[in-house]
Amino acid sequence: MKNIHVSTTVNGDPTEFICAPDESLLDVLRDRLRLTGSKEGCGSGDCGACSVMVDGRLVCSCLVLGAEAEGAKIETIEGMAKGDDLHPLQQHFIDGAALQCGICTPGILVAAKALLEKNPNPTDTEVRYWLAGNLCRCTGYDKIIKAVQAAAAEMRGA
Amino acid sequence: MRYVKAENVAEVVQLLQDEVGVARVLAGGTDVLVQLKMGMVEPDLIVDIKHLEGIKDIVSEDGGYRIGAAVSGAELGEHAGVVALWPGVVEGVELIGSTQVQGRATMAGNLCNGSPAADSVPGLVAADAVVRIAGPDGVRDCAVLDIPVSPGKISLTKGEFITSIFLPKRPERASDAYLRFIPRTEMDIAVAAAGVSLELDADGTCTAARVSLGAVAPTVLLVEEAANAIIGTKLDEASLEILAAACSAVCNPIDDKRGTIEFRTEIAGVLAKRAALIAYKRAGGQ
């Protein structure tokens, strides 16, 4: 297989990498760019642990080819905190103990951030439907929903 | 495997035609890349069509909308014009997968995957949507109903691919709806599904209708007897019972862990009835 050279932007930084044509964006992020925040849970787009933003759209990076990142803007969990300042969602997940093992957490944070940018004041039902593609094996979803709502309230200045 | 980001329609056709091995068209990739990862298909060539001119556009045409083959579910759902004209088509598309899948998945891909349970297809059939296909012999239009052949098989020939799907215009008092049954509230495959599109006259009498069923036969079904049952009526209970019976009569489903033949057959009629009532209300019927 002939490798492909890709020029892209990851968390605002111009980035280049070489990947195989059948290599997923998730594998590129983790194995080539050493951005290991995005996790592989299922590898088939069911669990959401690999959620990233591609050109402003929430996607599963396991279901995107690395080659498709050419010219795109990729945002991952690594770009969420600004230096040492955690994003309100990250802080509220810690404060509300909305995680246990943490494997699903990066994907849920990226997905929740996308929701709050689109809908700053969602109902619990809207949060649950939006996050239906993010599976969590240990926390139970209640604390996750509460942490998202607490972050949403803070971000609205409430 | 080769990955090619195609620049124009002719290049896609040429690439698909020239490939002696297995070729796959990539738009959203939410079926193709899953199949690739699971080893269900080992493509020699992947042609990415997302960068063709107009392939991600939704444009008004003859009072309807032409939807590019690479328009994602999320993009479709954000288009106020399509949502207003064809709410049933949009709600079918939006039921496909999670928010993440919606960010990539396309109607054209859902159709070309060839699943009998594809959520966007009954709505498209009820809408009498038409796909535009580019191929070695030029461009042709084909009704959505004529695309699926059997589970996993479609009628496109070598070198052909879908470039857009056209949703036609409709009169003022007209609407549509899609309903499916799944064992939970999100993230599952239809056990049975129904799409209904109808038009009403000024006093709320149905003047035209199309009723389609998904997941109850090897391909999507268009049930003319069911449509005839409600044309000329105001969807009274007796007419709806005839519609439901006509739907159940044409079901030829599989029996599996997600639904028995008996259940799928009965529920298809129930869903068609309920979808008809939703479409009726949306169209302004009382």
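1. Two residues count as in contact here if their C-beta atoms, placed from the backbone, lie within 7 Å. This is a predicted model, where local features need pLDDT of at least 70, side-chain atom pairs count only at pLDDT 80 or more, and totals for chains, interfaces and linings use all residues. Residues are numbered from 1 along each chain as its sequence is written, and chains are lettered from A in the order in which they are written.

2. On the helix pair in chain A: A:Pro88, A:Leu89, A:His92 and A:Phe93 of α2(A) meet a set in α5(A) including A:Ala147, A:Val148 and A:Met155. Helices are DSSP runs of H or I, at least four residues, and strands are runs of E, at least two, numbered from the N terminus.

3. The axes of α2 (residues 88-95) and α5 (residues 141-155) of chain A come within 8 Å and cross at roughly 135 degrees; they are lines fitted to C-alpha atoms over the stretch in contact, with angles from 0 to 180 degrees between N-to-C directions.

4. Now the domains. Chain A splits into domain 1 (4-79) and domain 2 (88-155), with bounds from an automatic or database domain assignment. Their C-alpha centres lie 21 Å apart, and their contact takes 13 residues from domain 1 and 11 residues from domain 2 of chain A. Strand β3 (residues 51-54) of chain A gives the most to the domain 1 side, with 3 residues.

5. Finally, the chain contact takes 23 residues from chain B and 24 residues from chain A. On the chain B side, the largest share, 4 residues, comes from α2(B).
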